[in-house]
Amino acid sequence: MATTPAIKRRKLTPSPTNGDDSSLSTVQNIPETNAFFKQASSWNLEQDYETKPRKGKKKEKENTRLPIKTSDGLVQQVYAPEVVDDVDSDLEWLGAEELEEEELVKEDKPTIPIRQQIIEAKEELARIAMMLNQDPEENVGAFKTLAQFGQSQNTTIKKLALATQLAVYKDVIPGYRIRPLSDDDMETKVSKEVKKLRAYEQALVGGYQGYVRELSKLASSGRAASDGGPSLTSVAISCACALLTAIPHFNFRGDLLKILVGKLSNRKVDDDFIKCRETIEILFRNDDDGTASLDAVSILTKMMKARGYRFDESVLNTFLHLRLLSEFSWKASINHIDKPLAGELSSKKVKDKRVFRTKKERKILKERKVVEKEMVQADATVSHEERDRMQSETLKLVFVTYFRILKLRSPSLMGAVLEGLARYAHLINQDFFGDLLEALKDLIGHAVSGDDFEETETKDDTTTRNLTREALLCIITAFALLEGQDAAKAKAALSLDLSFFITHLYRTLHALSLNPDIELSPTSLHLPDPSHPSSTHIPSTANNKINIQTMTVLLLRSLSSILTPALAPRAIPPLRIAAFTKQLFTISLHLPEKSCLAMIGLLQKITKVHESKIKGLWNTEERRGDGVFDGLSQEVDGSNPFASTVWEGELLRRHFCPGVRDLVKGVERNVSGTK
């Protein structure tokens with residue numbers, strides 16, 4: 001058996017320190033130990049302690065219990081029950097107690113008086129507003145600071161913050177609308193100046209949006225004032241009105257309009273209501289392109305429909321301030337606009353296409369058109385086509401609202417609707433004539449029978465309708481429909497019969513002459529009727545639903561439309577002229593002084609136009625009719641006016657008013673043919 005050789009082991013000796021080949025001994029180690037202690041005295045032990053790593057979790061406690069054997073023969077280890085340490089809970093309790101002590105200490109600190117807080121807030125708001133006015137692009141963060149002042153619990157400071165933000169935004173908002181940046185715009189590389197301007201514009205839009213939201217929240221809160229001044233709701237509504245008047249072109253115009261329309265939806269008329277209504281009227285009058293008017297009318301019509309057409313009539317009268325009444329030249333209905341024919345507009349363009357141009361000229365012309373288009377967009381000018389499109393959509397919404405209220409016969413809005421239709425009559429097209437005239441006839445029929453009056457008493461006891469005034473407005477509207485450009489063609493094509501309105505006016509002349517409020521206007525002083533207890537504190541002006549014209553003016557307008565129309569005035573039958581002339585002289589004896597002057601002036605005009613047709617009323621030798629005159633006849637043709645004479649003229653020649661006496665002499669001169 002071969003034996004393995006023994007492994008030789010080498011003895012390793014450390015290398016000498018100083019390069020000497022000497023072995024280490026205890027005696028030789030003594031100097032090195034002393035050197036070690038000398039170096040240790042200069043060590044920074046605290047630094048070593050700080051750099052030491054933290055100890056981990058404590059080791060688990062060793063289990064000192066022996067295992068046991070169960071009844072099943074299994075060996076099971078038993079652990080000692082854990083002792084719950086209450087140190088943490090005690091510390092938590094101590095910590096909570098310390099927090100309570102800190103809160104008590106804070107409460108004990110002296111608070112700043114409210115008056116001092118308001119003064120400091122004023123100074124800070126003034127400083128921030130000055131910074132924004134001087135250089136808004138460098139102080140973009142000031143918009144958020146102003147918004148934080150608006151969240152104050154103090155009502156006075158909150159009002160100051162709202163007023164300051166209003167003044168700042170009115171000054172710094174540019175004259176154009178800021179559009180949101182798209183993803184392509186964000187990815188496009190731009191210069192530092194453009195990037196800075198974009199950041200400022202986005203910060204401005206964000207701050208303004210938050211301000212408008214705060215105004216909307218406060219306007220709908222309805223909080224009362226706690227400091228004795230105007231409430232936060234009134235301040236918010238005033239700020240919204242000021243913004244809509246000063247900067248109607250800027251973003252979030254719809255939100256401001258919703259604030260105003262929300263206030264106008266209430267039937268309670270107060271200072272805030274009047275302020276909102278006047279702001280809408282100013283917006284309609286100052287709107288150049290028609291976009292703001294379209295937004296306002298669309299929001300108003302939605303509110304009216306949602307309220308079931310139960311709102312104050314003055315809201316409906318705001319439509320009379322639209323600029324399309326004088327600027328719009330087309331005719332419309334509830335769903336159609338009569339635009340000029342396409343052939344008339346494109347006739348000139350066809351001639352331009354026939355002009356021969358070389359390739360170079362066509363290229364130059366194309367480039368020139370592109371440059372002109374960019375210049376128009378840069379100048380932000382409003383084209384006539386765009387304005388006409390906006391105004392046509394607005395007109396359709398107005399007609400839809402008027403026609404719906406006319407069909408519903410809302411008692412508190414009938415006067416406003418009829419006045420509006422009379423003002424918009426020149427913009428109504430032929431397709432709308434028939435339906436509108438039928439609705440007007442139906443309204444007059446219900447007014448005569450008294451059905452509408454009974455419905456008014458059952459539905460709304462606080463609403464008083466003037467049916468005579470509404471009937472006059474129906475007649476004015478019916479005849480105003482025929483005063484358009486193509487009225488004669490429309491009458492021939494649609495076979496419009498207006499004899500119903502003529503007969504109704506003839507029947508109501510005597511009742512109108514005996515009406516004591518025929519000259520009453522909103523500015524007139526009128527004592528209440530002592531025999532009527534319900535009118536003790538309510539003047540008669542409250543019954544006038546449309547405070548634009550008196551009933552005398554409406555009567556004169558109706559008579560002028562029937563007897564001296566703008567189209568074919570000499571085509572009126574002599575019997576109608578004579579019957580109305582006889583009745584007008586009779587009612588002039590009962591009219592007040594001013595109304596009598598106006599009526600005799602109208603008769604002077606009638607006799608000048610229809611001199612030859614009514615001479616028989618003054619001269620008995622030229623009498624054409626036989627029989628007896630029936631002054632109480634319900635029909636114009638059944639009164640037989642040529643069987644009578646105008647004997648009322650002799651009484652009017654002795655009238656107490658000199659003006660009436662002079663006008664009667666002028667009427668007689670017209671009839672006799674002398675000047």
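Which residues does Thr477 touch, not counting residues up to four places away in sequence? Select Thr477 and you'll find Leu418, Leu421, Ala422 and Leu440, where contact means heavy atoms within 4.5 Å. Thr477 sits in helix α21 (residues 467–480). Thr477 is buried, at a relative accessible area of 0%; buried means under 20% relative accessible area, exposed over 50%, and partly exposed in between, with a 1.4 Å probe and protein chains only.

A quick word on what you're looking at: this is a predicted model, where local features need pLDDT of at least 70, side-chain atom pairs count only at pLDDT 80 or more, and totals for chains, interfaces and linings use all residues. Residues are numbered from 1 along each chain as its sequence is written, and side-chain values use heavy atoms, with hydrogens and water left out.

Now zoom out to the whole protein chain. Its secondary structure comes to 29 helices and 4 strands; these are DSSP runs numbered from the N terminus, helices being H or I with at least four residues and strands E with at least two. Of the chain's 675 residues, 37% count as buried.

Next, select residues 142–149, which are helix α5, and pick out Ala142 there. Ala142 counts as buried, at 8% relative accessibility. Leaving out residues up to four places away in sequence, Ala142 touches Ile128 and Leu132. Draw a C-alpha to C-alpha distance from Ala142 to Met131: 8.2 Å in space, for 11 residues in sequence.

Move on to helix α12, residues 291–306. Colour its buried residues, among them Leu294, Val297, Leu300 and Met304. The buried residues of α12 pack against α10 (253–264), α11 (271–286), α13 (313–316) and α17 (384–408). Just after α12, click Gly308, which takes a positive phi of about 70°.

Last stop: show α27 (residues 593–609) with α29 (residues 658–672). Their axes come within 9 Å and cross at roughly 10°; axes are lines fitted to C-alpha atoms, for helices over the stretch in contact, and angles run from 0 to 180 degrees between N-to-C directions. That makes α27 roughly parallel to α29, the label for angles under 35 degrees. For the contact, show side chains including Leu597, Ile600 and Gln604 of α27, and Val660, Leu663 and Val667 of α29.

Methods
Parallel < 35°, antiparallel > 145°, perpendicular 65-115°, else oblique. Expected span 1.5 Å × (residues − 1).
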